[in-house]
Amino acid sequence: DRRADDPDLQEDKDPLTYEVIGAAIEVHRELGPGYLEALYESALAHELTLRGIPFTRQHPITVTYKGRAIGECRLDFLVKDELILELKAIETLAPIHIAQVISYLKASRKRKALLMNFKELRLRDGVKRIVL
């Protein structure tokens with residue numbers, strides 16, 4: 001894995017995204033690939049706390065259909081009330097995973113998200129930025 005001070009990561013001009021990717025890389029460096037998503041979620045929550053990055057975990061959002069609330073879903077993380085983090089620990093990210101995050105962005109009226117797959121050998125290869 002690359003370090004958070006890696007020049008390739010510095011190309012990201014959004015400081016919050018940069019901070020969160022750095023925290024996730026630290027988790028991946030410590031744990032490596034192969035665990036269930038829930039373990040990465042717990043570790044990332046701890047790492048974000050250690051770094052003083054405010055977040056809510058399993059943040060509920062209401063899904064509406066034609067103006068009517070029809071249910072609720074949960075975001076893995078909502079960081080600083082602006083960045084959605086969706087974690088996976090799967091062989092390969094598929095287009096449906098990106099579509100899921102786009103749906104979360106629309107339902108929550110947020111603009112940006114990170115989709116992270118912790119099952120990659122290098123976490124950097126499993127990070128997708130999604131912006132509406």
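**Entry 1: F77 and its strand**

I started with F77 and looked up its bridge partner in strand 3, which is L85. I kept in mind that this is a predicted model. Next I checked how the strands around that bridge run. Strand 2 (residues 68-79) pairs with strand 3 (residues 83-88) in the antiparallel sense, over three bridges.

Is F77 buried or exposed? I found a relative accessible area of 0% for F77, so I put it down as buried.

F55 and F77 make an edge-to-face pair, with 5.6 Å centre to centre and 65° between the planes. F55 belongs to strand 1 and F77 to strand 2, and the two are 22 residues apart, so I logged this as a link between distant parts of the chain. F55 comes out at 24% relative accessibility, which is why I call it partly exposed; the cut-off for buried is under 20%.

How many aromatic pairs does the structure hold? I have three on my list. One of them is Y40 with F118, a stacked pair at 4.6 Å centre to centre and 20° between the planes. Y40 lies in helix 3 (residues 37-50) and F118 in the loop between strand 4 and strand 5, so the pair ties together parts that are 78 residues apart in sequence. Both Y40 and F118 are buried.

**Entry 2: salt bridges**

The count of salt bridges comes to ten, and I went through some of them.

- E26 and R29 form one, with the closest N and O atoms 2.7 Å apart. Both lie in helix 2, three residues apart, about one turn of the helix. E26 is partly exposed at 22% relative accessible area, and R29 is partly exposed too, at 32%.
- E41 and R57 meet through their side chains at 2.9 Å, N to O. E41 is in helix 3 and R57 in strand 1, 16 residues apart, so I marked this pair as linking distant parts of the chain. E41 counts as buried at 7% relative accessibility, while R57 counts as partly exposed at 37%.
- E47 and R51 form another, with the closest N and O atoms 2.7 Å apart. E47 is buried, with a relative accessible area of 14%, whereas R51 is partly exposed at 36%.

Last, I looked for a network. D14, E82 and K112 are linked in one made of salt bridges.

Key
Residues numbered from 1 in each chain as written. Predicted model: local features only at pLDDT ≥ 70, side-chain atom pairs only at ≥ 80, totals over all residues. Heavy atoms only, no water. Pairing = 2+ DSSP bridges. Helix = DSSP H or I, 4+ residues; strand = E, 2+ residues; numbered from the N terminus. Phe/Tyr/Trp six-rings, centres within 6.5 Å; stacked < 30°, edge-to-face > 60°. Buried < 20%, exposed > 50% of the residue type's maximum accessible area, 1.4 Å probe, protein only. Salt bridge = Lys/Arg side-chain N within 4 Å of Asp/Glu carboxyl O.
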